[in-house]
Amino acid sequence: MTPAPSAPPDPAATARARRRGILLVVVATFTFALSAACVKAIGPAIPVAEVILFRNLFAIPALLPVVLAAGAWAALATPNPMGHAARTLFGMMGMIGAFYGYVHLPLTTVTALGFTMPLFLTVLSVPLLNERVGWRRGLAVLVGFLGVLLMVRPGGEGMRGEGLAVTLCLLGSVGWALAMITIRKMGEAGESAVAIVFWFAVGSAVLAGIAAIPVWVWPSAWEWALLAGIGLISALAQVLMTDAYRSGETTLLAPFEYAGIVWTTAIGAFVWAELPDGWDFAGIAVLVGAGLYIWHREVTLGVRR
């Protein structure tokens, strides 16, 4: 018996799903910016390791409903514990760089430096994923790093913030790129997204807890509120972003993640009077342009394949 042909997709429903996905991405970037602002507000008083510890401890309960909906313990069973360990180490590297940067650099600068992750991902995909990177994407990577130089202006009077903070931010982006590669490999091996997110939160809490012991500072009531906000807001942002990419195509939604620069610029200006200068805007424009071009080439090559 010949199966009945499937109904064609409803254009109106597709359009609604796409609009919903775009809205969720924009809202998610705003919640990530709020979390970054909380980190910056608490950073001078609480060590980075302790902030990361509570970021994950408060996020775990917020993730439990998602775990239960996915099948509880069965959803967390994993045949690849070493993959989770590697993802945790690389993710910790990313969080340390970002959190230290939020404390010592303008929010906009840290957010923009975070967008070097696609550049590092492009470079690292050659030896680690055996991918080919053509001259166009290679040139875009070089242009992107030129944007970084325009922003930080090493060795010049215009350099904003500490050199150590910039270095750690960039190393953090390398960590996020390695984490993305690890996640891609785990996903191809059949690992569930729920397991990847949950075990990262648990593993990061354990590592950060160990690192926080020698530098422990007991938080005040206000600092407890900020720590809870960092964890809960970060968990909400992850859920929103995940839901967004379930609603729309990656090729459509990815550019809207750059809305994070708008949010962090606004928050930094209104709360801490952090006003980017002309060189900062030029560097951000070059960096974002390079990232968008790499995204465009990925989409184009994907369609051709």
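Reader: Which residues form one aromatic cluster?

Author: The cluster is formed by F54, F58, W216, W218 and W224. Please keep in mind that this is a predicted model, in which local features need pLDDT of at least 70 and side-chain atom pairs count only at pLDDT 80 or more, while totals for chains, interfaces and linings use all residues. Residues are numbered from 1 along each chain as its sequence is written, and side-chain values use heavy atoms, with hydrogens and water left out.

Reader: What makes the pair of F198 and W199 edge-to-face?

Author: Rings of Phe, Tyr and Trp (for Trp, its six-membered ring) pair if their centres lie within 6.5 Å, and planes under 30 degrees apart count as stacked, over 60 as edge-to-face and the rest as tilted. The ring centres of F198 and W199 are 5.4 Å apart and their planes stand at 75 degrees, so the pair is edge-to-face.

Reader: Why does F198 count as buried, and how does W199 count?

Author: Buried means under 20% relative accessible area, exposed means over 50%, and partly exposed lies in between, with a 1.4 Å probe and protein chains only. F198 has 10% relative accessibility and therefore counts as buried, whereas W199, at 23%, counts as partly exposed.

Reader: Why does S234 count as buried, and what does its side chain join in a polar contact?

Author: S234 counts as buried because its relative accessibility is 4%. A polar contact is a pair of N or O atoms within 3.5 Å; within protein, one must be able to donate a hydrogen and the other to accept it, and residues adjacent in sequence count only if both atoms are side-chain atoms. The side chains of S234 and S35 are joined by such a contact of 2.9 Å.

Reader: How do you know that the charged end of R87 sits over the ring of F200?

Author: The definition asks that NZ of Lys or CZ of Arg be within 6 Å of the ring centre and within 35 degrees of the ring normal. The charged end of R87 is 3.8 Å from the centre of the F200 ring and sits over that ring. Likewise, the charged end of K40 sits over the ring of W272, 5.7 Å from its centre.

Reader: What is the aromatic pair of F99 and Y102 called?

Author: That pair is tilted, with 6.3 Å centre to centre and 40 degrees between the planes. F99 counts as buried at 8% relative accessibility, and Y102 counts as buried at 15%.
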